[in-house]
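Subject: Handing over the two-chain model

Hello,

Here is the structure I promised to pass on. Please look it over first, then read my notes below.

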Amino acid sequence: MDGGMWSALLVYVLIGAPFLATLLILGISGLARLSAAPWVEAVRSRESWITTIASAISFLSAVALVNVPPSQPLIPFFLVDFIVDALSIYFVLLVNVVALVASFFISHYLKSVRELKPGERKEDLHSGRFHFFFNLFHLTMVLVPFMNNLVLLWIAVELTTVASAFLVGIRGDRQALEAAWKYTIITSTGVIFALLGTLFLASVAPESGTMQWYDLYRYLATHPENVNKNFAILSFLFVLIGYGTKAGFAPMHTWLPDGHGEAPYPVSALLSGVLLKSALYAILRFYILTLKALGKEAAFVTHILLASGLFSLGVAVPFILRRNKFKRILAYHSLEHMGIITFGLGIGHPIALFGALLHALNHALTKALMFLAFGLVQGEYALQVKTGDEEQYTGLLRVMPFTGLLIALGGLALVGSPPFNIFFSEFLILWGAFGQARHTPILWGAIVVFLLSVTLIFAGLVRHLGHLLLGNPPGRRVNEPAGLLGVLFLLFLSVFLFGVVVPHWDVLNLAQLLQDSVRILQGEMP
Amino acid sequence: MDIIKGLDILFPMLILFIAVHISASTVLKTMIERYKQQAFVLAAFVIFTALTSASWAIGAVALLPFLMGVSIKPILARATLVTSEPLELDVRKWLGFVEEAELTWLEHGRLRLPAGYSFILDATLTTLAFVIAYNLGSALESIEKISLAVSLALLMLGLFVMINNQDLLAQVIGLLVSEHGLFLAAIRVVRQKQLAIVLAVSLFFYLALTLTILLWVLPSLRKMSKSLEIKDQTQLKG
């Protein structure tokens, strides 16, 4: 088999694993309704295993795909083409790493939820339903980066809403349903704008007669005279608002704290770590096309991104400084970091672009660590201290010292302390900004706002962490599940590792993948 | 030819007029009725477009807004009522839901802003839509510009309905009005007819999914909060 066939096979396996897991869990749930035989129950109790194995297969396929990139960027699949270039592989890798890590925590979450207030729930959480939607959510997020057709890309992004909305509201209590309502209404309204932007793109180069990203890209590169620049601008603005709503950009971010705060904690890790990046990926595909369409007038796009990034960053500050539930604080950090990524993209300098893409991965890893570690605390407090009251989540370093330590270190990473990963990518973005500011003096002002915001945010999170880690503990020390701690520790190792080096090993050459992605962002043919 | 040109302008303007009426309504029942009318006018306009462009495929797409027009009342009625009955395809039962829900709809639909301010904002948004369409759509013919302007106006008015109304169901109607704008743009502004059909079908696929989620959440939310009003859904703050 040649390299092209290998990569095609890997793409099919990568998508097929969560797809089959979704079907399998649907089948098991159906079987469980028909029969209560012991073997059916035995299979049902392995749903988490099925999910984890599917996520692991998908993740390993993504890693392998980094090493066996296809010779052609398009891989046919029935009536559609998958686009498989460095940029899509990078985002698929990002989705899969968080999905794999989150999948380990599902059974812990379900167990703790059953323990907490069992009598108050009308119906217990249906494990099959949770696993089904989790795998479906994973599948839709893996599909997004591979969509070459821009209308199908839009459909894939919308499908992520469907799967995740059910997960956000799955607890079925008032808060969860309210969060699911807001999430669906706001993001559905947003994606209407995205489709309108897609539709306007069809009018940018009507003679091209295509909505395939790769064909449009080639057409715009070779026929600059046939481009309607007004429609290109309008298209990008609508796409930025539309997918930006889903990516959590201010002022369309209002679903973030509710959605992240009320979702089950493994889902919060996915929402914050990768769902926002899936929408960002869609923006990036349009960003590349718009740069090509606008040619010398492309500064408009970068300025818009720069302003949007700074605005999101600025809006996050007061919410992070305020006293609030910890998961909501983490959600506002997502707003901050999406702002930082957009700021990096807006600078447009290759180093800043590299930093922005790396920041997407770094944020995903760190935020997954924080949500999962805090979820472990919630779960163990529910199981052992018998409380779900967040006011009592204090003195963690004494009650759960290992998890507490990981939250402390993860928190420091999240606010950009050295030697962790987020510091490194923020440093790269700033390096790019300084390089670009020599040609664009207005950037100095932007850099000052950026530095001021991240400093205030640093102070805000340190305050919240102080309360969480050092306050008076509610009781004796509780047992920490060693297996899950091990997973968190590995996640923390990656947070630390990416702070000192961008892997360029034989088994995973992330540095090369990022450089290739930056070239695509700069308009080089994939 | 003049009649065709006249209808080309009349249909979008009628759709726009109904959207303004929806936005100004202070009773939920009226909003839903107007939405239904708008869906039928849109379906008629799509058929008219299919006839003038001799495209049967576009004519088939008219079925989508028509189906929405027919089914919107029973769907929203089922979502309004707090019932534990399983979903059944019994037409009489669904009509019964509508009768019962209409009493609730008559009591809801209040606006946040006074009617005068709302009207001024409606007019401003509509004007803005026309200004944008006429400035950006230089490559379009004048008839297409009108459709583009109306599409943008529907999008903005739909958003305004979502913000200016105090009810959860009004938010759904606002979303549906915006979706009509997008549908109109897909059919009238996109010149590649096959692409227009793909866009229109995608749109209804999206709508079906979104409505499924919202209608799954709404009855439970209403049951727990004992209200259909947005102001009572304030468990999550800050």
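The notes below cover the helix packing, the chain contact and some backbone features.

First, the ground rules. This is a predicted model, where local features need pLDDT of at least 70, side-chain atom pairs count only at pLDDT 80 or more, and totals for chains, interfaces and linings use all residues. Residues are numbered from 1 along each chain as its sequence is written, chains are lettered from A and ligands numbered from 1 in the order written, and side-chain values use heavy atoms, without hydrogens or water.

Helix packing

Start with H19 of chain A, residues 442–470. Helices here are DSSP runs (H or I, at least four residues), numbered from the N terminus. H13(A), residues 299–321, packs on H19(A) at about 25°, with the axes 9 Å apart. Axes are lines fitted to C-alpha atoms over the stretch in contact, and angles run from 0 to 180 degrees between N-to-C directions. H13(A) and H19(A) are therefore roughly parallel (angles under 35 degrees). The residues in contact (heavy atoms within 4.5 Å) include A:Leu310 and A:Gly314 of H13(A), and A:Ser453 and A:Ile457 of H19(A). By class, this contact has 14 nonpolar, four polar and one charged residues. Nonpolar means Ala, Val, Leu, Ile, Met, Phe, Trp, Tyr, Cys and Pro; charged means Asp, Glu, Lys and Arg; the others, Gly among them, are polar.

H18(A) also packs on H19(A). Their axes come within 9 Å and cross at roughly 160°. That makes the pair roughly antiparallel (over 145 degrees). Among the residues that meet are A:Leu430 and A:Phe434 in H18(A), and A:Ile447 and A:Leu451 in H19(A). The classes here are 10 nonpolar, one polar and one charged.

Chain contact

Chain B gives 50 residues to the contact and chain A gives 51. Together they bury about 4400 Å², 77% of it on carbon and sulfur atoms. Buried area is the accessible area (1.4 Å probe) lost on putting two parts together, summed over both. How many salt bridges are there between chain B and chain A? The count is zero, taking a Lys or Arg side-chain nitrogen within 4 Å of an Asp or Glu carboxyl oxygen.

Backbone features

Most residues other than glycine have a negative phi, and most peptide bonds are trans. The bond from A:Ala250 to A:Pro251 is cis, with omega near 5°. A:Pro251 sits in the loop between H10 and H11 of chain A. A:Pro418 and A:Pro419 are also joined by a cis bond, omega about 10°. B:Ala54 has a positive phi of about 50°.

Best wishes

Notes:
Helix = DSSP H or I, 4+ residues; strand = E, 2+ residues; numbered from the N terminus. Parallel < 35°, antiparallel > 145°, perpendicular 65-115°, else oblique.
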